[in-house]
Amino acid sequence: MGPSAVVWDYKAAMEVTKDWNGIEQVVLRNAQGASVKVSLHGGQVVSWRNDRGEELLFTSSKAIFKPPKAMRGGIPICFPQFGNCGSLEQHGFARNKIWTIDENAPPLHPNDSHGKSFVDLLLKPSEEDLKCWPHSFEFRLRVSLATDGRLILISRIRNVNGKPFSFSFGYHTYLSVSDISEVRIEGLETLDYLDNLQQKQRFTEQGDAITFESEVDRVYLRTQDVVLVLDHERKRTYVIHKEGLPDVVVWNPWEKKSKGMQDFGDDEYKQMLCVDGAAIEKPISLRPGVLE
């Protein structure tokens, strides 16, 4: 008998459903039982479960799942602006738009496809978008689920404009944690950061690791490509590996700010932590026709 090989059919591992607002969602599964759910509202990953069915992303119980309101939780795509660092709405408009499934996406490296369940999404600006941000682009997002349960996001942004443009960017990742007071971040020690709670003043991280006793809203600069989030109570470690995104945002609203957020429970800050790969301090510049 000759050699045999199992050919992974990524399309068979992808299912398109609809949420209660009639907005399409894509569900990815692997053979081990892990799953990822991506909403076409914002191109946003809204669920990531491991092979034991445990949810790894936080979503607020008060989240609003109706466009044009952004959904509080999962992984919102912040483009072409992160936070309030420009003239656009908070975190830009990509997270509020309806994306499409891209059936003819340009190929990626075989390693980004082989053995993975994935979907390619596409966002192009509307006339309304071009009025507030006059730059034409194609934003392609691949969301993949690997055989070992890893969640992988790859963004490709092409300038189809006649002139260069710049943008900031972030994967605004809401991690589910047992208790914020039991969580620490490793990999950001000794780095400079901008403190958004102190008018973006620049400081240097002094601790051996980052722990949480009050509100935190920081942009760590020139970070390494791997950051660890350790949840001691659940004995779980999130390993965040990033490429091409020099900054890391760390955010937890704590008690006072939580009570002022309409789409966030008063005590939910205890069960979440945002750790975002981002490009904020130095915006990314794209020449016409260039893909980033």
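Analyst: The residues that line the largest pocket divide into 20 nonpolar, 12 polar and 11 charged. In this count Ala, Val, Leu, Ile, Met, Phe, Trp, Tyr, Cys and Pro are nonpolar, Asp, Glu, Lys and Arg are charged, and the others, Gly among them, are polar.

This is a predicted model, in which local features need pLDDT of at least 70 and side-chain atom pairs count only at pLDDT 80 or more, while totals for chains, interfaces and linings use all residues. Residues are numbered from 1 along each chain as its sequence is written, and side-chain values use heavy atoms, without hydrogens and water.

The largest pocket has a volume of about 1,400 Å³. A pocket is an open set of points on a 1 Å grid over the protein atoms alone where a 1.4 Å probe fits, with protein on both sides within 12 Å along at least five of seven lines; lining residues have an atom within 4 Å of a point. Grid points are joined across faces, edges and corners, and the volume is the space filled by probe spheres set on the points.

Of the 43 lining residues, Leu151, Ile152, Leu153, His241 and Lys242 are the closest to the centre of the largest pocket. Two or more lining residues come from each of strands S9 (151-159), S10 (165-171), S17 (236-241) and S19 (272-286). Strands (E, at least two residues) are DSSP runs, numbered from the N terminus. S9 gives the most to this lining, with seven residues.

As for confidence, the mean pLDDT (the predictor's confidence in each residue, from 0 to 100) of the protein is 90, and 93% of its residues reach 70 or more.

Terms used:
Helices (H or I, at least four residues) and strands (E, at least two) are DSSP runs, numbered from the N terminus.
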